[in-house]
Amino acid sequence: MRNWSTQKEALALRRYAGQRYACGKSVALDDLPRFLEAVLRPGDRVCLEGDNQKQAHILAKALANLDPGKVHDLHMVQSGVVLSEHLDVFEKGVAKRLDFSYSGPQSTRIARMLFGGKIELGAVHTYLELFARYFIDLTPQVALIAAVSADRDGNLYTGPNTEDTPTVVEATSFKSGLVVAQVAEIVDKVPRVDIPGDLVHFVVDAKKPFYVEPLFTRDPAAITETQILTAMLAIKGLYAPYGVRRLNHGIGFNTAAIELLLPTYGEKLGLKGKICTHFALNPHPTLIPAIEAGWVEQIHSFGSEVGMDNYLSARSDIFFTGPDGSLRSNRAYCQVAGLYACDMFIGSTLQIDLQGHSSTVTTNRIAGFGGAPNMGSDSRGRRHPSEPWLKAGADADPDAAAGLRRGRKLVVQIGETFGEKNVPLFVERLDALELADKLDLDLAPVMIYGDDVSHIITEDGIANLLLCRDNDEREQAIRGVAGYTDVGRARDRKMVERLRARGVIRRPEDLGIDPLDADRRMLAARSIKDLMLASGGLYQPPSRFRNW
Amino acid sequence: MEKLSFTMKASTAAAGTRARAIVGVVASGNLEVLLERDLPANVCVVDIATAVHGFAAVWAAVIDDFVMRRSAGGLHISINDGGARPDMVSLRLAQGVRLIEELEA
């Protein structure tokens, strides 16, 4: 007779082993190493919570300090490889295999360790894709998560930075996995129950808040005139003609410039209420002036942003907040929202090739994907119409019968033709291909595939790839906005002029934009302090962004 | 420091009467552009001193487009470059011409 409850029995054994170091559900910080050795088994699939924002950093540190003689060969399945401890576990032999999404701050070290064979790589995922696999073939046996506070029953308050926690707990706890949470304090009653206590097995009082990276804060002082020019092109040449109301912005300075131009340039063009009313977006401080000027109706967020919590509580008509008043974020839901309910994604990248494939991988750096590929892809499962989606669909396939023609999401790559240290944005061949060769990967890590990209915006103009009818046109449209890069200078000038005549390429002058008007005085806020003032003092910038 | 010099035929002369103009600052990723109106109206000379080596072809393309698109005749332009990107160079050159064409206060 087959035993159909082996997982429940294994969980009971883990809980029993862990209980030696716990009082009720509470594990003292000093006992954490022995506790973890008691509940972990070699080869376990472990989700150590951490993404591009919040980090279960106390649990990460403890895991990295375990004795590899007792705990080894773990298979880490986690959104973010962000802290040094996330890689220390591989250096020490506590963990062996890795499936992840994002590795921004560790991009150089993770590349070195992958080349050195220290890490057995499963795959680099998008967030939504990794979350999906939590429910199919990468279900964690142990989840080490982070919350703000817990009560004695293990009910968790995850606060404004809820992010991945509900997804991780859902996948782990309901499949007989063990859930351990680090919290900053144990309280009698949590402000709101984000995670029900019966899904949480143990709680560690870390005595301090989990670490959060202010990844979405862009200092307006650093925005250049060229970035302002690209933002003007985007607003006048894309947002306005397509009537883009529902969208997601990437985290670069170009999109920050767009946010800061809405109340000034956008207002002058009479676009208020016609564009940028609904966002899937983290609470970008640079959006404060537009929100205050009444541009934005609603925003759902993946996570919170350091310093924004009071502002968000005070603007509950715009943001999603709980009965306690604070923001409720959820990365999985917001990724789904970005994929299915937004008509545009616009963001920056590091390399674009002649087919429009884009990648943030360079030969020595593997930054992972995060959420961009979910936002920046055409959702083939979408069925509801909207003006921009239908119009983009008609651009791509003007001859199809309207009733059977798919719409298209606007997937826009925006940037300057040359990046930091004069590195060109446009390349003949992506570094990602070389990396795939070196690591013997089946797939090159491409962030956004060329066939999903609808437009490329640089200071040179806008290329509408939907209007290209063959690969030659596509290549010349891309070369045509590639400025003075090698790729740009090798353009076929006659063909580029023909594409321009058809509106496939639109230069600033074709849109009535004088590059000399791209002036920093147009920004609705020119410093972090301006943003704080625009929020009526509700936005409290982290210290590293304060220079007054 | 790499030095480059371009002597170009200009189809239109810069308007106005101002004798000189300066835009920009010498700083990392930026550049200073000095424009002096002391050449025949159909000539433009651009002298460049740049901190970054190996971009002569890019400079040539930027200067070529500049002289074609803007009224640069009669101008002797000196560029002191701190490693600015081509888009910044184009912008500063255009700003320089606009400034030298302005009425004197």
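## Exercises on a two-chain model

Set aside neighbours within four places in sequence, and A:A181 is in contact with A:I145, A:A146, A:A147, A:A150, A:L156, A:V200 and A:V203. Contact means that the C-beta atoms of two residues, placed from the backbone, lie within 7 Å. The model is predicted: local features need pLDDT of at least 70 and side-chain atom pairs count only at pLDDT 80 or more, while totals for chains, interfaces and linings use all residues. Residues are numbered from 1 along each chain as its sequence is written, and chains are lettered from A and ligands numbered from 1 in the order in which they are written.

**Exercise 1. Find the residues that touch the most other members of the largest nonpolar core, and say where this core lies.**

Step 1. A nonpolar core is a set of buried Ala, Val, Leu, Ile, Met, Phe, Trp, Tyr and Cys residues joined through C-beta atoms within 7 Å. A residue is buried if 20 or more other C-beta atoms, placed from the backbone, lie within 10 Å of its own.

Step 2. The largest core has 169 residues, and A:L63 and A:A181 touch the most other members.

Step 3. Helix α8 (residues 225-242) of chain A gives the most to this core, with ten residues. Helices (H or I, at least four residues) and strands (E, at least two) are DSSP runs, numbered from the N terminus.

Step 4. Domain 1 (10-212) and domain 2 (220-527) of chain A both give residues, so the core lies between them. The domain bounds come from an automatic or database domain assignment.

Step 5. A separate, second core has 28 residues, including B:A10, B:A21, B:L31 and B:V62.

**Exercise 2. Describe how domain 1 of chain A touches domain 2 of chain A.**

Step 1. The C-alpha centres of the two domains of chain A lie 33 Å apart.

Step 2. On each side, 32 residues are in contact with the other domain.

Step 3. On the domain 1 side, α5(A) gives the most, with six residues.

Step 4. That side divides into 14 nonpolar, 13 polar and five charged residues. Here Ala, Val, Leu, Ile, Met, Phe, Trp, Tyr, Cys and Pro count as nonpolar, Asp, Glu, Lys and Arg as charged, and the others, Gly among them, as polar.

**Exercise 3. Work out the strand order of the open three-stranded sheet in chain A, and name its edges.**

Step 1. The order is β10-β9-β12, with mixed pairing. Two strands pair if DSSP finds at least two bridges between them.

Step 2. β9 (residues 149-150) and β12 of chain A pair in the parallel sense over two bridges. A:S149 stands opposite A:E185 in β12(A).

Step 3. β10 (156-157) and β12 (185-186) of chain A each have a single partner strand, so one side of each is left without a neighbour in the sheet.

**Exercise 4. Compare the two chains with the globule rule.**

Step 1. The rule is 2.2 Å times the number of residues to the power 0.38, and the radius of gyration is taken over C-alpha atoms.

Step 2. For the 548 residues of chain A, a compact globule would have a radius near 24 Å; chain A has 24 Å, which agrees.

Step 3. For the 105 residues of chain B, the rule gives a value near 13 Å; chain B has 13 Å, which agrees.

Step 4. Buried residues make up 56% of chain A and 37% of chain B.

Definitions and conventions. A residue is buried if 20 or more other C-beta atoms lie within 10 Å of its own, exposed if 12 or fewer, and partly exposed in between; C-beta atoms are placed from the backbone.
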